[in-house]
Structures are given as structure tokens and as C-alpha cells.
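Try each task before you read its solution.

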Amino acid sequence: MRSWGDFSQMCKAFVFHVQHNCTFETKMATPCINGCNTPRGRCQAGWCHCQPGFYGADCSLSLDPGGKSQLLAGAGYEPRKRKPWIYVYELPPRFNTWINIRSIDRPLDFMFHQRILSSGSQVADGEQADYFYM
């Protein structure tokens with residue numbers, strides 16, 4: 001696993017040519033997936049920094065008292081009635097969210113990932129899923 005001791009090295013690795021562009025916090029229209037489900041997370045440099053207790057590409061996941069994953073706890077989220085339902089594997093951020101969206105010519109993967117997470121088709125339990133997305 002790569003160590004990012006110097007933040008400026010990480011910024012350069014993700015095609016941010018000026019460190020300020022990498023470390024700015026976005027307040028308005030954000031390139032982060034689902035706007036990090038504010039206030040569960042904040043968008044900084046194109047990826048979500050989740051508050052304690054939340055995780056996932058868009059900070060939508062948390063654990064219930066029994067240790068099972070739950071989506072948007074306390075927000076009234078229910079998967080849509082109509083299937084298919086999709087279980088999204090949470091990967092380390094360097095694989096799917098530490099991306100400078102402005103440096104990508106065709107960000108189809110980013111848009112597809114966001115669409116799944118915001119469509120109501122995502123489930124937190126893989127046993128309920130019809131499809132799996134990684």
C-alpha cells in the first residue's frame with residue numbers, strides 16, 4: 001500500500017497541478033458523489049471525507065447497533081419497490097473516489113457509480129441484491 005506522507009505528492013498523483021486545487025473544500029455544485037450526503041461528509045478535492053461513524057464513496061453507510069451496514073440511517077431511505085436491486089462493494093478510495101474529475105475526458109464510470117448510489121436501487125445487504133457493482 002502506498003503511503004501519502006506528503007499531501008502535495010498525493011495531489012500531484014491525482015493530476016492536480018496546484019496544491020490549492022487539491023485541498024479546496026467545495027461548497028456548491030460538487031464533483032463528489034451525491035455531494036457526500038451532507039452533513040455526513042464533506043467534499044474536498046473531489047472525494048468525500050466522511051464524519052466519524054459514516055463510510056462509503058458518498059458517506060451514505062453506517063453500522064447499526066448489531067454491526068450490519070445500513071444506508072442513510074435516520075434519513076428514511078428505503079430501496080425502491082421495483083427491482084433490480086444492486087449491492088455496491090465499497091472499495092478503498094484510491095480505486096473509485098480519489099479522482100480529479102476535471103482531468104478525466106469521459107467520466108462514465110464516475111457518473112454510473114453516482115447514478116447507482118442515487119437511484120434507490122442500492123441495498124446494504126448483499127443477500128437482497130440482484131446485481132453487484134464493484
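The exercises below concern a predicted model.

**Exercise 1. The hairpin**

Task: Find how strand 1 and strand 2 run and how many bridges join them.

Solution: 
- Locate strand 1 at residues 41-44 and strand 2 at residues 47-50.
- The two strands run antiparallel, and 4 bridges join them.
- Take Gly 41: its bridge partner in strand 2 is Cys 50.
- Now look at the 2 residues between the strands. Ala 45 takes a positive phi near 60 degrees in this hairpin.

**Exercise 2. Cys 32 and Cys 43**

Task: Determine the handedness of the disulfide of Cys 32 and Cys 43.

Solution: 
- The sulfur atoms of Cys 32 and Cys 43 are 2.0 Å apart, and the two form a disulfide.
- The torsion about their S-S bond is about 75 degrees, so the disulfide is right-handed.
- Cys 32 lies in the loop between helix 2 (19-23) and strand 1, and Cys 43 in strand 1, so the pair ties together parts 11 residues apart in sequence.
- Cys 32 and Cys 43 are buried.

**Exercise 3. Cys 36 and Cys 48**

Solution: 
- Cys 36 sits in the loop between helix 2 and strand 1, Cys 48 in strand 2, 12 residues apart.

**Exercise 4. Cys 50 and Cys 59**

Task: Decide whether Cys 50 is buried, partly exposed or exposed, and do likewise for Cys 59.

Solution: 
- A disulfide joins Cys 50 to Cys 59, with S to S at 2.1 Å.
- Cys 50 has 28% relative accessibility, so Cys 50 counts as partly exposed.
- Cys 59 has a relative accessible area of 0%, so Cys 59 is buried.

Methods:
Residues are numbered from 1 along each chain as its sequence is written. This is a predicted model: local features need pLDDT of at least 70, side-chain atom pairs count only at pLDDT 80 or more; totals for chains, interfaces and linings use all residues. Side-chain values use heavy atoms; hydrogens and water are left out. Two strands pair if DSSP finds at least two bridges between them. A disulfide is a pair of cysteine sulfur atoms within 2.5 Å. Buried means under 20% relative accessible area, exposed over 50%, partly exposed in between (1.4 Å probe, protein chains only).
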